[in-house]
Each structure stands twice: as structure tokens, then as C-alpha cells.
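I opened this notebook to record what I looked up in one structure. The entries follow the order in which I consulted it.

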Amino acid sequence: MDDSSGPRSVSQRDLPVLGEPRPERADARRNRLKVLEAADRLFAEQGVTNVSLDAIAAEAGVGKGTVFRRFGDRAGLAVALLDERERELQERILTGPPPLGPGAPAADRLTAFVDAYLELLDRHVELFIDSENASDGARYRIGSYWLWHRHVVVLVEEARPELDAAYVAHAVLAPLAADLHQALRTEGFDLDRMRAGLTSVVQLLFRRA
């Protein structure tokens, strides 16, 4: 059955895919995921700079050598963790249930995306800051930024084809910059307040004159 008239998955509009991980043995994958989950918990509880590889290995129940051989150092582990979480979000966008995944109106999908990204950013803001500020303009050279940008472009083109979707997508993503998020947190903005603000931005975007 041709369902081309319904809401389209972003995968049908040439959404770039984050690089596929190298094939790995089942036991190696289990160990990698155990280490990443352990790092996730400890980073959230103690902050990235306060967690050692020894502590992560102990939390994961593996040897320090396993962590070192796979990730090199704490910075390499942090990069791998952020990459894994962004892959998970991409998978939910491409094949997950609506409204984040295909099958919902564009406005609902965009609201769900900014909400999901905001939660990811809030949990891993230290990692995002390191990634986005590694050098001048680093945020806009990261492949994942252009992945999210393309997703927003597709949704804007679907719902408001008269708009400059490429520019609007940058405007939607601008409030999700890691340094701004951290600054707002420092000023006392909680997650619910930021979520409400982003939702209002999306609603204004899709409100026709």
C-alpha cells in the first residue's frame, strides 16, 4: 500500500546516519555497554572530571585494562558515551513510535524531538560542552549537529513549505546549545521551564498567520 500521503519518516528524506560502529563480538559488545552504562551513572552522580577509569571499571565489573584498551582514557570514554546516546536518539527518530518516530504530524514530531534532545542535553551537558567547544565553531562541524538540523528541516518543509527551512532549523537548534543550557541552569531555570519555553517556540513556528 502506498502511504506517501501520510507523515514521512525522516529516513525517506535522506537523513544522514551517524557512522555505524565496527562489528564486534557479542561478549565485547556486552562489556562495552556495561562500561558505558557505568560511566553514565558515575558521570551523572559525580561529574565527568571527578570519575576515574578505576571507578568506572569497578562499577562495570570489568578490569581497568578492558576499559583502557577499548576507550583509551576518560576523554575517549566520554566521547563514546555521547556517541552512543546520540545513536539511540537517532534510532528512536527513525524507527521508534510516534510522536518522536514516524507517523505523527510534523509539529508533534518537532515538539517531541526538542523535548528528547533537551533531556539528553541536560543529562550530559558536560560532555556536550566539551564536544561543542573543542575549538571555535566546533558545534557546527559536528556530524550530529547536521543530523539534527536535517531532521528539523524535513519537518519544517512538511508543515510550512513557505518558510526558509534551513534557516529556521538553525533557529530551533540555537536554544539547545550546551553553553546556553548550562548558563540557564546556573541562573535557576529548571528543565520544566526550558521544556515549556521550547514548546512555545515550536507552537509559534507552526502557527499560521
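**Entry 1: α4 and α7.** I looked up how α4 packs with helix α7 (residues 143–159), and found an angle of about 20 degrees with the axes 12 Å apart. That makes α4 roughly parallel to α7. I noted that axes are lines fitted to C-alpha atoms, for helices over the stretch in contact, and that angles run from 0 to 180 degrees between N-to-C directions. Angles under 35 degrees count as roughly parallel, over 145 as roughly antiparallel, 65 to 115 as roughly perpendicular and the rest as oblique. The crossing of α4 with α7 is left-handed; the term means that the near helix is turned anticlockwise from the far one by less than a right angle, and right-handed means clockwise.

I then listed the residues that meet: Glu86, Leu89, Gln90 and Ile93 on the α4 side, and Ser144, Leu147, Trp148 and His151 on the α7 side. The contact of α4 with α7 comprises four nonpolar, three polar and one charged residue. Contact means heavy atoms within 4.5 Å. For the classes, Ala, Val, Leu, Ile, Met, Phe, Trp, Tyr, Cys and Pro count as nonpolar, Asp, Glu, Lys and Arg as charged, and the others, Gly among them, as polar.

**Entry 2: basis of the values.** I recorded that this is a predicted model, in which local features need pLDDT of at least 70 and side-chain atom pairs count only at pLDDT 80 or more, while totals for chains, interfaces and linings use all residues. Residues are numbered from 1 along each chain as its sequence is written, and side-chain values use heavy atoms, with hydrogens and water left out.

**Entry 3: overall make-up.** The protein has ten helices and zero strands. Helices (H or I, at least four residues) and strands (E, at least two) are DSSP runs, numbered from the N terminus. Of the 209 residues, 43% count as buried; buried means under 20% relative accessible area, exposed over 50%, and partly exposed in between (1.4 Å probe, protein chains only). Among contacts between residues at least 6 apart in sequence, 68% join residues at least 24 apart.

**Entry 4: α4 and α5.** I next looked up α4 against α5, and found an angle of about 165 degrees with the axes 11 Å apart. The two helices are therefore roughly antiparallel to each other. Their crossing is right-handed. From α4, Arg85, Glu86, Leu89, Arg92 and Ile93 meet Arg109, Phe113, Ala116, Tyr117 and Leu120 of α5. By class, the residues of the contact of α4 with α5 are six nonpolar, no polar and four charged.

In the loop between α4 and α5 I found Pro99. Pro98 and Pro99 are joined by a cis peptide bond, with omega about 10 degrees. I noted for comparison that most peptide bonds are trans.

**Entry 5: salt bridges.** How many salt bridges does a search of the whole structure find? The search finds 14. A salt bridge is a side-chain nitrogen of Lys or Arg within 4 Å of a carboxyl oxygen of Asp or Glu.

I looked up Arg85 and found that it forms a salt bridge with Glu37, the closest N and O atoms being 3.0 Å apart. Arg85 lies in helix α4 (residues 74–95) and Glu37 in helix α1 (residues 26–46), so the pair ties together parts that are 48 residues apart in sequence. Arg85 is buried, at 9% relative accessible area, whereas Glu37 is partly exposed at 36%. A network of salt bridges links Glu37, Asp40, Arg85, Glu88 and Arg123.

A further salt bridge joins Glu59 and Arg41 at 3.1 Å, N to O. This pair links distant parts of the chain, with Glu59 in helix α2 (residues 53–60) and Arg41 in helix α1, 18 residues apart. Glu59 is partly exposed at 39% relative accessibility, and Arg41 is partly exposed at 34%.

**Entry 6: Phe43.** Is Phe43 buried or exposed? At 6% relative accessibility, Phe43 counts as buried. Phe43 is found in helix α1. Not counting residues up to four places away in sequence, Phe43 touches Val48, Val51, Ile56, Arg74, Ala78 and Leu81. I also noted that Phe43 and Leu127 are 84 residues apart in sequence and 9.5 Å apart in space, C-alpha to C-alpha.
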